[in-house]
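Morning, everyone. Let me put the next model on the screen, and then we'll go through it.

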Amino acid sequence: QVQLVESGGGLVQAGGSLRLSCAASGSILTVNAMGWYRQAPGKQRELVAAITTVGSATYADSVKGRFALSRDNAKNTVYLQMNSLKPEDTAVYYCNAHIYHLDLKWGDYWGQGTQVTVSS
C-alpha cells in the first residue's frame with residue numbers, strides 16, 4: 001500500500017521552467033530508484049530521468065542539460081526541475097518508484113500522471 005502524489009504540472013511558454021514533485025507514502029521500508037516517464041499522444045512512453053537512492057541520476061538524451069533530477073530521502077520525494085522547456089516536452093509525466101515495503105516485499109508504483117503543456 002503505497003501512494004505516489006505528483007504535483008507541479010501545468011502550462012508554460014517555451015523557454016520557461018516547471019518543477020515536478022513526486023512524494024511516496026505508505027508502508028515503506030526503503031525507496032529504491034525513483035524516476036519520471038512521459039507519454040505524448042501517439043507516442044510510446046519514454047524514460048525522462050531516474051535517480052538512485054544515493055543520488056546518481058540518468059537522463060534521456062533529449063533532456064540532458066535542461067532537466068535536473070533530485071531527491072529528498074527524508075521525505076521520500078523526487079523532484080524534476082525542467083528548464084528551457086520546448087513544445088516537444090509536452091506530455092503526461094508519470095512518476096515511478098520501486099519500493100521495499102515494511103513486510104520485505106517489493107513493489108513498483110506509478111503516479112496518476114501530471115500534464116505538462118509547453119506552448120510555442
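Which residue lies over the face of Y79? R19 does, at 4.1 Å from the ring centre. The criterion for a charge over a ring: NZ of Lys or CZ of Arg within 6 Å of the ring centre and within 35 degrees of the ring normal. R45 also has its charged end over a ring, that of Y37, 5.4 Å from the centre.

Ground rules, quickly. This is a predicted model, where local features need pLDDT of at least 70, side-chain atom pairs count only at pLDDT 80 or more, and totals for chains, interfaces and linings use all residues. Residues are numbered from 1 along each chain as its sequence is written, and side-chain values use heavy atoms, with hydrogens and water left out.

Next, ring on ring. Phe, Tyr and Trp rings (the six-membered one for Trp) pair with centres within 6.5 Å; planes under 30 degrees apart are stacked, over 60 edge-to-face, the rest tilted. That rule gives two aromatic pairs. One of them is Y100 with W106, tilted, at 4.5 Å centre to centre and 45 degrees between the planes. W106 has 54% relative accessibility, so it counts as exposed. The cut-offs: buried is under 20% relative accessible area, exposed over 50%, partly exposed in between, with a 1.4 Å probe and protein chains only.

Now the whole chain. Zero helices, eleven strands. Those are DSSP runs: helices H or I, at least four residues; strands E, at least two; numbered from the N terminus. Of the 120 residues, 39% count as buried. The C-alpha trace spans about 50 × 25 × 20 Å along its principal axes.
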